Amino acid sequence: MPTSDLVLGIDGGGTKTLAWLAVAEGDAAPLGVGLGGPGNFQAVGVEAALANLSASIDAAFADAGIPPGPVAAAVVGLAGSDREENRKILADWASARNLSHRFRVVNDALPIVAAGSPRGWGIGLISGTGSLCFGQTADGRQARSGGWGYLFGDEGSAYALGIAGLRAAAKAADGRGSETRLLDGFLKHFQISNPADLVRVAYPLAGDRAQIASLASIISEAAAMGDGVAQAIFDTAAAELAAMVRAVAQSLDLAGATFPLALTGGVLCANATLRTSLEEHLQRLDLTPEPVTTVEQPVAGAVRLARIELRPNPQQEAS
C-alpha cells in the first residue's frame, strides 16, 4: 500500500508518545502502532521530544510492515502546541522528515474531543501526568483552562496527586496531620522503614515528573481501602478538575446547556472513584454534560482529525 493512501495520528504526552498509522478513508483500525518516549517539550526538552516523536512514527511503519514515506495527512496532538514557537519547531521537524504536505499540530485535548464526542464538538478533560481542559463549539469557537504545568498548575493530575500524597505522609509522620495508610504505602514503595528516609529517596525524583506521577497509584490504593486522607486528596483533585470544566463551559456559553464531555488520562481512565467525585462536583456547579465518555486512546482522535484534513474545508469541521 502506498504511503500516500495513509494518515498518521500522533499523541505526544508527558509519559509516552503513541503513533497510529491508518488508511485515509473509513474508520478502520490502525495498520501499525508505534510507541515512543515523552513527546512533551516541557517534560524532556525539545531535542528528546522530537526524537521520541520520530521513534514512535518509525515504530508504527515497522509494525505495519510498510517502509516510511510521506502520508496523505498527519496530525500531532501535543501539550504546549498553542505556542507559536513550538508550532514552528514542529513544522520544521515535519518538513525535514517529509512527513506530509498536510501536517497539522493541535493541542493535546482536541483529539480527545474528536475521539470522545459523537458530534465532533464538546469539552475534553485530561488528567494524566499533567492536567488540561479544552473545549470547542459546533461553530469552531475554542477555550481552555489549566495546562499551566507542574510548577504552578496541573491541578488534579497524577503529578499533583503524588505531591499531595507525599505531603500528607510527611504530616502524618510529624504528627501534624491525620494518620493515613499513605505513610506505610510510601515506605513500602521505596523499601525503607524510617519516614525520615523519604527525603533521601523522593527528592532525586524531583526532576522526573513521570516518576512522581506514578506515585498516584499509592493514593488510589489507599483511597480504595477507605483511607480518609487519600479520599480527601481525590476529592480535592475532582473539585479542581470540575472547576476547569466550568471555566471552559462558561467561556463557550455551554454552562446552561448539555454538552458532550470526554475524559482521558491515566488518572481519570483508571480511577472510578475520581470519576464519580468529578461528576458530583459538576452537578454542584450546575453543569450537565451528556454524554460523558472515557477515551482510552486519544491518538484515535488524532487519526480522525488527520482524515478530516483530507476533506474539503477541513478547518470548518475540526478547528
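User: What is the bridge partner of glycine 124 in S7?
Analyst: It is phenylalanine 134. This is a predicted model, in which local features need pLDDT of at least 70, side-chain atom pairs count only at pLDDT 80 or more, and totals for chains, interfaces and linings use all residues. Residues are numbered from 1 along each chain as its sequence is written, and side-chain values use heavy atoms, with hydrogens and water left out.

User: In which sense do S6 and S7 pair?
Analyst: S6 (residues 122–127) and S7 (residues 131–136) pair in the antiparallel sense over 6 bridges; two strands pair if DSSP finds at least two bridges between them. Strands (E, at least two residues) and helices (H or I, at least four) are DSSP runs, numbered from the N terminus. A hairpin of 3 residues links S6 to S7.

User: And how does S6 pair with S9?
Analyst: S6 and S9 (residues 258–264) pair in the parallel sense, over 4 bridges. Leucine 125 stands opposite leucine 263 of S9.

User: Is S6 enclosed or open?
Analyst: Strand S6 is largely enclosed by the rest of the structure, because 6 of its 6 residues are buried (under 20% relative accessible area, 1.4 Å probe, protein chains only).

User: Changing topic, at what angle do H5 and H6 pack?
Analyst: H5 (residues 158–174) and H6 (residues 181–190) pack at about 110 degrees, with axes 8 Å apart. Therefore H5 is roughly perpendicular to H6 (65 to 115 degrees).

User: Which residues in H6 meet H5?
Analyst: Leu182, Leu183 and Phe186 in H6 meet residues of H5, including Gly162 and Leu166, with contact meaning heavy atoms within 4.5 Å.

Technical notes: Axes are lines fitted to C-alpha atoms, for helices over the stretch in contact, and angles run from 0 to 180 degrees between N-to-C directions. Angles under 35 degrees count as roughly parallel, over 145 as roughly antiparallel, 65 to 115 as roughly perpendicular and the rest as oblique. Buried means under 20% relative accessible area, exposed over 50%, partly exposed in between (1.4 Å probe, protein chains only).
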